[in-house]
Amino acid sequence: MNTIAFFNNKGGVGKTTLVYHLAWMYARLGVNVLAADLDPQANLTSMFLDDEQLEPLWPENGERPTVYGALRPLLEGTGDVTAPHVEQPEPGLGLVVGDLLLAAAEDELSSQWPACLDRRPRAFRVLSALARILRQGADEIDARLILVDVGPNLGAFNRAALVTADSVVVPLAPDLYSLQGLRNLGPTLRRWQSEWAERRERNPVEDLRVPTGAMRAIGYIVMQHAVRLDRPVKAYGRWMRRIPSVYGTAVAGEAAASTEIAMERDPNCLATLKHYRSLMPLAQEARKPMFALKSADGAIGGHAASVQDCYRDFRTLAMTIAERSGIEIAPS
C-alpha cells in the first residue's frame, strides 16, 4: 500500500481538485484507491458528496461516521481509534469523510509530539492514529493507494497527517506566494522527516504499527490559472521560470543550479495543468470529474474537446505519479 499526500502551505493552488480528479482517474485505471480528507475545511468531502448526503454524516449529537469520529475515542481517552466509515462513489473508489471538528485535535497532536521522546505509549498511539485509521479504511475496499488531502498550514495536525505519507506531491500556482511557500515547505518537511525518524525508534509498544513517515517529495504540479487583467501573462512566465530552481534547492535539497532550468526539462516537474475553468461548473453540477463529463451534462462543442484534453492530462499525470511512487498499473 502506498500513501501520497498533496501538500502546500500556501492555499488556493488547486490541491483538492487534484486529489479529487486523480482519485477518480486511478479508479478508472483499475487501481483501488482511498481518498482521505484530512483538511479541517473538508473541501474534498464537499466535492464528492452533496449536502443531502453529507448532513447525516455530520449530526449535531451522537456518533459521526467521519475521520474525526474514528479518532474521537483516542482523543477523549475512552479507547483507541475505530475503523472509519468509507463512502464509495463507485467500486474501487473510497472516501474517508472529512470533518470540521478535526481542528479540535491540533492541541493533542502538538502536545504528544515531544512526549514521543520520553517513550510514552499514548504519544505513539496518538501520532500514529491517522495512519492507522487510513490503513483500516484502505483495507475495507482493498485499496493499493491512499491519496491524502491536507490543509494549507505547517501546524501539528498537518505534521501528523504528513507522517502517514510515503510520498509528497506539491501543487503550485505560478506566483510569488507559491515560491515563498516552497522556501518554508522544504526545510519543514526535512525537519519533520528527521524528527519522526528519531521518535519512531523510541516506540515502546511492540504491537503498535507506526508509519515510516518517509515523506519523500516526488515532484510538483503547476496549476495554470486563468490570466487576470491585473496580472499580465509575462508575470506568469517570470514565476514559472523560477519554480524549478526554487523547488530544487528548497524542497528536493539539490545544489543551486548555475543556470536557469526550463520547466519542461525539469525532472521534478510532474505536470503543468490547464485550469479547465469552463468545465468545473459542469462537473460540480454533475458530481463527477471534469474528464467524465458527457453531452448530457452540457459538455458539447468546445467543451467536449476540453473533456478529452482533460482526460489525457490527468491520465498522464496519474501514470507519472504511479511510476515515481512505485505503483504498478496494468496496461489498458
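Which residues does Leu162 touch, not counting residues up to four places away in sequence? In this predicted model, Leu162 touches Ala5, Phe7, Val150, Val168, Leu189, Trp192 and Met215, where contact means heavy atoms within 4.5 Å. A second, separate core of 52 residues includes Val31, Tyr276, Met280 and Val307. A nonpolar core is here a set of buried Ala, Val, Leu, Ile, Met, Phe, Trp, Tyr and Cys residues joined through side-chain atoms within 4.5 Å. Buried stands for under 20% relative accessible area, exposed for over 50%, and partly exposed for values in between (1.4 Å probe, protein chains only). The largest nonpolar core has 64 residues, of which Leu38, Leu162 and Tyr220 touch the most other members.

Residues are numbered from 1 along each chain as its sequence is written. Local features need pLDDT of at least 70 and side-chain atom pairs count only at pLDDT 80 or more, while totals for chains, interfaces and linings use all residues, and side-chain values use heavy atoms, with hydrogens and water left out.

The protein has 12 helices and eight strands; these are DSSP runs numbered from the N terminus (helices: H or I, at least four residues; strands: E, at least two). Its radius of gyration is 20 Å, close to the 20 Å that the globule rule gives for 332 residues, so the protein is as compact as a globular protein of that length. This radius is taken over C-alpha atoms, and the rule is 2.2 Å times the number of residues to the power 0.38. Along the principal axes, the C-alpha trace spans about 55 × 50 × 40 Å. Buried residues account for 52% of the 332 residues. Of the contacts between residues at least 6 apart in sequence, 77% join residues at least 24 apart.

The protein exposes about 14800 Å², and carbon and sulfur atoms supply 48% of this area; accessible areas come from the Shrake-Rupley method with a 1.4 Å probe, and for residues only the protein chains shown count as cover. The mean positions of the 36 positive and 39 negative charges are 8 Å apart. Lys and Arg count as positive and Asp and Glu as negative, without His and the chain ends, and each charge is placed at NZ of Lys, CZ of Arg, CG of Asp or CD of Glu.

Helix α4 (residues 67-76) is largely enclosed by the rest of the structure, because seven of its 10 residues are buried. The buried residues of α4 are Val67, Tyr68, Gly69, Ala70, Leu71, Pro73 and Leu74. Their cover includes β2 (33-38), β4 (93-96), α6 (121-127) and α7 (129-140).

Leu127 belongs to helix α6 and is buried, at a relative accessible area of 2%. Not counting residues up to four places away in sequence, Leu127 touches Leu109, Gln112, Trp113, Cys116, Ala160, Val163 and Trp196. Ser110 lies 17 residues from Leu127 along the chain, with 9.3 Å between their C-alpha atoms.

Tyr26, in helix α1 (residues 15-28), is buried at 0% relative accessibility. Apart from neighbours within four places in sequence, Tyr26 is in contact with Val31, Val33, Leu145, Leu147, Ala318, Ile321, Ala322 and Ile329. Tyr26 and Ile329 are 303 residues apart along the chain, yet their C-alpha atoms are separated by 8.9 Å.

Val307, a member of the second core, is located in helix α12 (residues 302-325). Val307 is buried, with 7% relative accessible area, and beyond neighbours within four places in sequence is in contact with Leu279, Met290, Phe291, Leu293 and Ala299. The C-alpha atoms of Val307 and Leu293 are 6.7 Å apart, for a sequence separation of 14 residues.

Ala42, between β2 and α2 (43-48), has a positive phi of about 60° although it is not a glycine, and is buried at 2% relative accessible area. Asp142, between α7 and β5 (145-150), has a positive phi near 55° and is likewise a residue other than glycine; at 60% relative accessibility, Asp142 counts as exposed. Ser278 lies between β8 (269-274) and α11 (280-286) and is partly exposed, at 40%.
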